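Trainee: Please take one part of this model and go through it closely. I would like the helix packing, and then what surrounds it.

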Amino acid sequence: MGTPDLAAAVLRRLVRWPGGDVVAVYTQPDRPAGRGHKLTPSPVKKLALELGLPVHQPLNFRQEGAVDELAALKPDLLVVAAYGLILPQAVLDIPTVDTLNVHTSLLPRYRGAAPIQRAVMENWQPGDVTGVSIMRIVPALDAGPVYAQCEVPIGEHTAGSLHDALAEAGGELLVTVLDKLRDGSAQPREQDESRVTYAAKLTKEDGYIDWDRPAAEVHARIRGVTPWPGARLQARFDGQDELLPLLLQPGRVDEPCDGVRPGSLRTDKKGLCVACADRWYRLLVVRPQGRKDMEAAAFVNGHLRPARHGVCGMAVPFAE
């Protein structure tokens, strides 16, 4: 049971497990996508059809016959990865062994909708890690006992690249748990409720950067909102009345900016920097509104003629 790319990666690994067979795949109904709003199958459905697996797409499990249809398959296990639907108790009672979820965090940290993005955004110290948990699904949100976990370093990952790394790790960890369930050695442990944190769903506002924070924290936030919703900057350069909205790709932490007001913009031969609480943050790739990605140096050369190196403007906060 799953819908997006992460779930497709888990399914691809699951079908290679020699200890059992995938009897059916459940995914959300096709959704409109693209400029033409054409109904488009999920990544899981596309893969399942390639593999010749039966696909079921109930709108939800309150739909008449949906629970009975699943029960008729007589599954030993249900495996869930980013399905996007709440499973009622009637569904959880169907499998003879268990219902497992591949959750992309080290539970009990980051229960909820955006564990990958929040982990990147909030863990910016060297050596910080996140990971994957294989847990039993219970009616409470991501609260079931955990069968196994594995750590994945955050490093310089964006949310997008970390998603791919966790998907691969999750598939491998899942089959390890399945092997232990099969031989009877699996021992789930309850989560420590005193350590629970939640990962709220991201919104566009999460891409608004607070330049008053340390540069390493800013860097982590930009990576955490890449590729979606994307980090945003409104630039007002000296001598120009208009605000220039920019979408930012991750850059890098640069030299100290002692005594410079956070949010100040500086140009030099290499391009464009923004002052943070402690250091300059060098922008490498930006996307002006209505344009394609370009190197920051090319943006400066195209929008600030003649080039004036030094502090030359401010990042203007977005309206609440």
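Mentor: Start with helix 5 (residues 115-122) and helix 6 (residues 159-183). Their axes lie 9 Å apart, and the packing angle is about 125 degrees. Axes here are lines fitted to C-alpha atoms, for helices over the stretch in contact, and angles run from 0 to 180 degrees between N-to-C directions. Helices (H or I, at least four residues) and strands (E, at least two) are DSSP runs, numbered from the N terminus. The two helices are therefore oblique to each other. Under 35 degrees counts as roughly parallel, over 145 as roughly antiparallel, 65 to 115 as roughly perpendicular, and the rest as oblique. Helix 5 and helix 6 cross in the right-handed sense.

Now the residues. Helix 5 brings Ile 116, Gln 117 and Val 120; helix 6 brings Ala 159, Leu 162, His 163 and Leu 166. Contact means heavy atoms within 4.5 Å. By class, this contact of helix 5 with helix 6 has 5 nonpolar residues, 2 polar and no charged ones. Ala, Val, Leu, Ile, Met, Phe, Trp, Tyr, Cys and Pro count as nonpolar, Asp, Glu, Lys and Arg as charged, and the others, Gly among them, as polar.

Keep the source in mind. This is a predicted model: local features need pLDDT of at least 70, side-chain atom pairs count only at pLDDT 80 or more, and totals for chains, interfaces and linings use all residues. Residues are numbered from 1 along each chain as its sequence is written, and side-chain values use heavy atoms, with hydrogens and water left out.

Helix 6 also meets helix 1. Their axes come within 8 Å and cross at roughly 40 degrees. This crossing of helix 1 and helix 6 is right-handed. On the helix 1 side stand Asp 5, Leu 6, Ala 9, Val 10, Arg 13 and Leu 14; facing them in helix 6 are His 163, Ala 167, Glu 168, Gly 171, Glu 172, Leu 174, Val 175 and Leu 178. The contact of helix 1 with helix 6 has 8 nonpolar, 2 polar and 4 charged residues.

Helix 1 has another partner, helix 2. Their axes come within 7 Å, at roughly 25 degrees. That makes helix 1 roughly parallel to helix 2. Asp 5, Ala 7, Ala 8, Leu 11 and Arg 12 of helix 1 touch Pro 43, Val 44, Leu 47 and Ala 48 of helix 2. The classes in the contact of helix 1 with helix 2 are 7 nonpolar, no polar and 2 charged.

Next, the core. In soluble globular proteins, nonpolar side chains tend to be buried together. The largest nonpolar core here has 36 residues, and Leu 11, Leu 100, Val 102, Val 132, Ile 134 and Leu 174 have the most contacts inside it. Such a core is a set of buried Ala, Val, Leu, Ile, Met, Phe, Trp, Tyr and Cys residues joined through side-chain atoms within 4.5 Å. Buried means under 20% relative accessible area, exposed over 50%, and partly exposed in between (1.4 Å probe, protein chains only). At least two residues each come from helix 1 (5-14), helix 2 (43-50), strand 6 (98-103), helix 5, strand 8 (129-136), strand 9 (146-153) and helix 6. Helix 6 gives the most to this core, 10 residues.

Take Leu 100 as an example. Beyond its neighbours within four places in sequence, its contacts include Ile 134, Tyr 147, Leu 174, Val 177, Leu 178 and Leu 181. A second, separate core of 30 residues includes Leu 202, Ile 209, Phe 237 and Cys 312.

Ser 161 is in helix 6. With a relative accessible area of 28%, Ser 161 is partly exposed.

Last, helix 7 (residues 215-224). Of its 10 residues, 8 are buried, so helix 7 is mostly covered. Among the buried ones are Glu 217, His 219 and Arg 223. The cover includes helix 5 and helix 6, as well as strand 11, strand 12 (244-248), strand 13 (252-256) and strand 16 (279-283). Ala 235 sits in strand 11 (residues 231-237). At 0% relative accessibility, Ala 235 counts as buried.

Terms used. A crossing is left-handed if the near helix is turned anticlockwise from the far one by less than a right angle, and right-handed if clockwise.
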